[in-house]
Amino acid sequence: MQMKFFPSRTVAFYMARLFLVRTLAVLAALVIILQALDLLGESGKILAYPGNGDAQLWTYVSLRMPQIVARFLPFSVLLATLITLSTLNQNSEIVSLKASGMSAHQVLAPLITASLLVVIVSFAFNDRIVARATATLDQWQRVDYGPLPSDKGVLNNIWVRDGSRLVHIGQTFGRGTATQVRAVTIYDRASGALDWIITAPRGTFTGTAWRLEEALRFDVAKGTNTPLGTIDVGRGITPDQVTLANVDGDGLSFLGLAAAIEDLKVAGRPTLALEANLWHKLAGPLSALLMPLLGAVAGFGLARSGQLFIRLIVGMGLGFTYFVADNFALAMGNLGAYPPMLAAWAPFLLFLLIGETVLVRTEE
């Protein structure tokens with residue numbers, strides 16, 4: 001048996017190139033088909049807003065496509081692994097490599113190294129592009145595909161409770177004591193029914209309360225409006241309740257989500273679901289590293305034995321079972337049933353052991 005972990009440089013580059021080209025080809029095919037289907041289902045809503053046209057459709061494609069790429073990149077790596085290894089098996093190239101004294105792990109080494117490159121690119125792509133696209137698309141959908149605010153730090157449609165009062169904030173700007181609010185509506189239900197409604201176009205945090213300008217109170221029982229001018233309300237509402245009310249882990253980068261979690265902890269808010277999302281930002285891209293191992297069963301055994309199709313099914317089954325387990329664990333983490341680390345890393349470690357066991361028992 002050869003002691004080198006990799007085969008020759010020529011063979012390593014040959015296998016890595018086959019694997020990466022097939023990964024990109026499969027990913028491109030999936031993205032084109034799925035983006036077309038998604039656009040067909042969403043175009044009606046986009047064009048329903050007055051003034052929207054082709055430009056808005058292309059804007060939607062530019063924001064939605066990164067999400068599709070991120071979601072289906074691991075599937076593409078799995079399918080590319082199966083295609084690459086089954087092709088090499090049919091051409092007896094893997095048989096030749098094993099006949100030269102190479103182990104199954106050495107045969108897979110170029111694919112695993114190439115998939116590590118995919119992991120690095122995937123993490124950077126998710127962190128820099130997908131997170132921003134997700135946040136922008138979420139804001140755009142909140143306004144029914146209308147004009148987006150120029151300030152990307154704006155939060156929309158915030159609901160908080162202040163005793164018997166329910167407060168709706170149209171938009172928020174800034175963080176901490178510099179937080180500003182727009183389009184504020186306060187619903188008072190002190191008597192158990194809706195008593196009055198206060199509306200104000202804008203407000204700021206004074207340090208102890210929220211100062212609303214040009215406030216107007218509507219008395220529900222009398223049906224009259226009373227101008228209130230500048231008033232202080234919401235002494236029980238802190239800025240973090242406003243700015244951190246709707247933290248979307250998918251719309252934040254790794255460091256941005258980590259900072260939001262720290263802010264929530266300081267404010268005494270629950271963070272288990274967001275912590276699971278944070279660690280999954282690392283474990284998710286690493287799933288590409290598992291695919292050559294889970295799909296390796298398709299590359300070994302004699303193609304002429306008639307079992308190649310069965311091996312392809314087994315490899316595909318292992319890969320898709322991993323995705324099911326990963327989504328289930330993340331859902332349990334979001335519900336608080338699993339600890340964050342377990343929800344993010346347990347499927348990866350479990351299927352790493354399963355893949356190694358299958359490979360060692362069948363080929364080593």
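Two strands are said to pair if DSSP finds at least two bridges between them. Helices (H or I, at least four residues) and strands (E, at least two) are DSSP runs, numbered from the N terminus. Strand β3 and strand β4 (residues 196-205) run antiparallel and are joined by 8 bridges.

The model is predicted: local features need pLDDT of at least 70, side-chain atom pairs count only at pLDDT 80 or more, and totals for chains, interfaces and linings use all residues. Residues are numbered from 1 along each chain as its sequence is written, and side-chain values use heavy atoms, with hydrogens and water left out.

**Strand pairing**
- Strand β2 (residues 165-173) and strand β3 (residues 180-188) run antiparallel, with 8 bridges between them.
- Y187 in β3 is the bridge partner of L166, and Y187 also stands opposite I197 in β4.

**Nonpolar cores**
- A nonpolar core is a set of buried Ala, Val, Leu, Ile, Met, Phe, Trp, Tyr and Cys residues joined through side-chain atoms within 4.5 Å; buried means under 20% relative accessible area, exposed over 50%, and partly exposed in between (1.4 Å probe, protein chains only).
- The largest nonpolar core has 43 residues, of which M291, F300 and Y322 touch the most other members.
- At least two residues of this core come from each of α1 (9-48), α2 (54-90), α3 (93-99), α4 (104-142), α7 (272-294), α8 and α9 (340-363).
- Helix α2 gives the most to this core, with 10 residues.
- Apart from neighbours within four places in sequence, Y322 is in contact (heavy atoms within 4.5 Å) with A283, S287, L290, M291, L294, P347, F348 and F351.
- A second, separate core of 18 residues includes I169, A200, F205 and L212.

**Surface patch**
- F309, I310, I313 and V314 make a nonpolar surface patch of about 400 Å².
- Such a patch is made of residues with over 30% relative accessible area and no salt bridge, with nonpolar side chains (Val, Leu, Ile, Met, Phe, Trp, Tyr) joined within 5 Å; a salt bridge is a side-chain nitrogen of Lys or Arg within 4 Å of a carboxyl oxygen of Asp or Glu.
- Accessible areas come from the Shrake-Rupley method with a 1.4 Å probe.
- F309 lies in helix α8 (residues 308-335) and counts as exposed because its relative accessibility is 57%.

**Backbone angles**
- Most residues other than glycine have a negative phi.
- Y145, although not a glycine, has a positive phi of about 65°; Y145 lies in the loop between α4 and β1 (155-162) and is buried, with a relative accessible area of 4%.
- A183, also not a glycine, has a positive phi of about 55°; A183 lies in strand β3 and is partly exposed, at 43% relative accessible area.

Technical notes. Patch = residues over 30% accessible without salt bridge, like charges linked within 9 Å, V, L, I, M, F, W, Y side chains within 5 Å.
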